[in-house]
Amino acid sequence: RERKMKTLTALVLCALVAVCLSTGDSDQSVSVPDSQSVEDVFVKRDLASTFVKRLKRNAGAAPAATRNANGNTLSLQQLESLREVCEVNLACEHMAETAGIVAAYTAYYGPIPY
């Protein structure tokens with residue numbers, strides 16, 4: 001019987017601690033900012049259209065975009081090397097996202113060395 005009382009006392013103390021911690025000062029509690037609204041979740045139609053057009057354009061132009069000035073197809077390792085060089089320059093990186101890595105590298109660094 002004494003063992004049951006110790007267990008019950010321990011449970012009551014744990015419950016009391018849990019209640020105290022959960023009902024603490026409301027200024028210290030973490031809350032989600034109310035600044036977001038339902039409109040923030042959706043993308044405007046013209047912005048979505050521009051994004052989809054860019055994806056379609058890049059998907060269709062991928063074979064031509066992976067050729068250097070001599071018409072040789074670049075390997076994935078060579079393209080990755082160009083991306084690494086281009087990502088140091090923010091303008092080059094932005095152009096690579098919109099016009100392709102070959103066009104961006106050529107515009108900012110000259111002819112492709114391979």
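A crossing of two helices is called right-handed if the near helix is turned clockwise from the far one by less than a right angle. Keep that in mind. We will need it in a minute.

Good morning, everyone. What you see above is a predicted model. Let me start with the whole chain. How many helices and how many strands are there in the protein chain? Five helices, zero strands. Read along the sequence, the pattern is simply α-α-α-α-α.

Next, burial. The protein chain has 114 residues, and buried residues make up 11% of them. Now contacts. Take those between residues at least 6 apart in sequence: 33% of them join residues at least 24 apart.

Now to helix α3, residues 76-86. Which residues of α3 are buried? Leu79, Leu82 and Cys86. Look down the axis of α3: these buried residues fall within an arc of 60°, so they line one face of the helix. Turn to the other side of α3, and Leu76 and Gln77 are exposed. What covers the buried residues of α3? The cover includes α4 and α5.

That brings us to the pair α4 and α5. Helix α4 covers residues 90-99, and helix α5 covers residues 101-109. Two packed helices are described by the angle between their axes and the distance between the axes. Here, the axes come within 7 Å. They cross at roughly 145°. And here is where the opening definition comes in: the crossing of α4 and α5 is right-handed.

Who meets whom? On the α4 side we have Ala91, Cys92, Met95, Ala96 and Ala99. On the α5 side they meet Ile101, Ala103, Ala104, Tyr105, Ala107, Tyr108 and Tyr109. Sort the residues of this contact by type, and you get twelve nonpolar, no polar and no charged.

Let's stay with α5. Its buried residues are Ile101, Val102, Ala104 and Tyr105. They cover an arc of only 165° around the axis, which puts them on the same side of α5.

One more residue in α5: Thr106. Is Thr106 buried, exposed or partly exposed? Buried means under 20% relative accessible area, and exposed means over 50%. Thr106 has a relative accessible area of 37%, so Thr106 is partly exposed. Thr106 also takes us back to α3. Leu82, one of the buried residues of α3, lies 24 residues from Thr106 along the chain. The C-alpha atoms of Thr106 and Leu82 are separated by 9.7 Å.

Last stop, just after α5. There, Gly110 takes a positive phi of about 90°.

That's my tour. Thank you.

How values were computed
Residues numbered from 1 in each chain as written. Predicted model: local features only at pLDDT ≥ 70, side-chain atom pairs only at ≥ 80, totals over all residues. Heavy atoms only, no water. Axes fitted to C-alpha atoms, helices over the stretch in contact; angles between N-to-C directions. Helix = DSSP H or I, 4+ residues; strand = E, 2+ residues; numbered from the N terminus. Contact = heavy atoms within 4.5 Å. Nonpolar A, V, L, I, M, F, W, Y, C, P; charged D, E, K, R; others polar. Buried < 20%, exposed > 50% of the residue type's maximum accessible area, 1.4 Å probe, protein only. Arc of directions from axis to C-beta.
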